[in-house]
Amino acid sequence: MAELYWGTVVSSVYFTLVVLLLIFLAHQVYVSGKSHSKMSFLKALLNKKNIYGEILLHLYDTSTDIGVLVQWAILAKREAEDENFDVKTLDMRALFWTSLSFLILYRIISAVVGYYSAKSDERDFSGWDIFLGLIDMYVIKAVLFAIKQDAEEPTAKQRMIQLMESIFESLPQIVLQSVFIVRSQNDPVLSTESSWLIGLSLLGSLWSISSKYIYADKYGVIEAAEEAKFSLKKPCINGLYMLRVVWRFSLVAVRFLVCSLVWTALGGVIMCLFVPSSFALWLALSSIEIYKIQGASTSNQKADNVILSVIAFSLIALVSPPSYKSRLFAIGHIVETL
């Protein structure tokens, strides 16, 4: 099916255009700031490599997801119009609309973040942030805000948006795309023409999710494993840091591999039982742990913050158990593994 290549075209064009937009806006910030008199634009980019690295990974993940969605739309359309065409063991319309729903959900959440940002800081954020969230451009503004503030690491706002993307977009896409790959292997056309783009998308989603947890893990490990500590001398990188990076990536990959195989073998119903059960488990454990830390409070505002913290932590744990010094979380991780 030659038309499946439209997915690759759309993915490449989207990524290229957004990256060019990011470079243009970053250059505008560079020219209008004080740094251009001290260093070249390229050096200014390299100095913010941690910020740009994370946003490029985000854009790569999003663009490949959109490309896969275009391929599924083509397959769903042909399946509906051509009686002789049928993707065995897969309902392409259901797959397409489910995937699209999660992409829209993440953008709605991004718009909500933009709305509250506009209310909390009118000097730097406006009502347009809601619109930017809906088209997934609010994260670009968060990046530019960090650059203007001369930050060397992504701001909490940028990390929060990208974490929401990992939970509400990357997570569902991994499961859906894994199911598609497994069930389409008997189709010679789909297994060769669409699998490689889905493979790139899966790799991007896995690394996108893992990178968020790798960053958060440093607050729950020993000091010797917190930083990479790059060096020209052997070993070129901290071995303990690499160990926790490999562990986290492996944990995320295995978790979604198991979920995908369960869905493929037993159907989506079992996942509808597992996800709420897992969320309820982490909701209970995080409630106890956060209550132990913050204690009882009669303040309504503090109580609201505790509830939000519990829900946020439970969602994070639903994707991959966090590295945290808690026996309760260790028990929860063991229960889920079993």
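Arg-107 and Glu-169 form a salt bridge, with their closest N and O atoms 3.0 Å apart; a salt bridge here is a side-chain nitrogen of Lys or Arg within 4 Å of a carboxyl oxygen of Asp or Glu. Arg-107 lies in helix 4 (residues 92-120) and Glu-169 in helix 7, so the pair ties together parts that are 62 residues apart in sequence. This is a predicted model, in which local features need pLDDT of at least 70 and side-chain atom pairs count only at pLDDT 80 or more, while totals for chains, interfaces and linings use all residues. Residues are numbered from 1 along each chain as its sequence is written, and side-chain values use heavy atoms, with hydrogens and water left out.

**Salt bridges**

- Seven salt bridges are found in a search of the whole structure.
- Arg-159 and Glu-54 meet through their side chains in a salt bridge of 2.9 Å, N to O.
- That pair links distant parts of the chain, 105 residues apart: Arg-159 is in helix 7 (residues 156-183) and Glu-54 in helix 3 (residues 49-81).
- Helices are DSSP runs (H or I, at least four residues), numbered from the N terminus.
- Arg-159 also forms a salt bridge with Glu-153, where the closest N and O atoms are 3.5 Å apart.

- Arg-159 is buried at a relative accessible area of 14%, and Glu-54 counts as buried at 19%.
- Glu-153 has 41% relative accessibility and counts as partly exposed.

**Second largest pocket**

- The second largest pocket holds about 730 Å³ of space, a volume being the space filled by probe spheres set on grid points joined across faces, edges and corners.
- A pocket is an open set of points on a 1 Å grid over the protein atoms alone, where a 1.4 Å probe fits, with protein on both sides within 12 Å along at least five of seven lines; lining residues have an atom within 4 Å of a point.
- Of its 22 lining residues, Asn-50, Glu-54, Glu-153, Phe-230 and Tyr-241 are the closest to the centre.
- Helix 3, helix 9 (195-217) and helix 10 (239-266) each supply at least two lining residues, and helix 3 gives the largest share, five residues.
- The lining has ten nonpolar, three polar and nine charged residues; Ala, Val, Leu, Ile, Met, Phe, Trp, Tyr, Cys and Pro count as nonpolar, Asp, Glu, Lys and Arg as charged, and the others, Gly among them, as polar.

Technical notes
Buried < 20%, exposed > 50% of the residue type's maximum accessible area, 1.4 Å probe, protein only.
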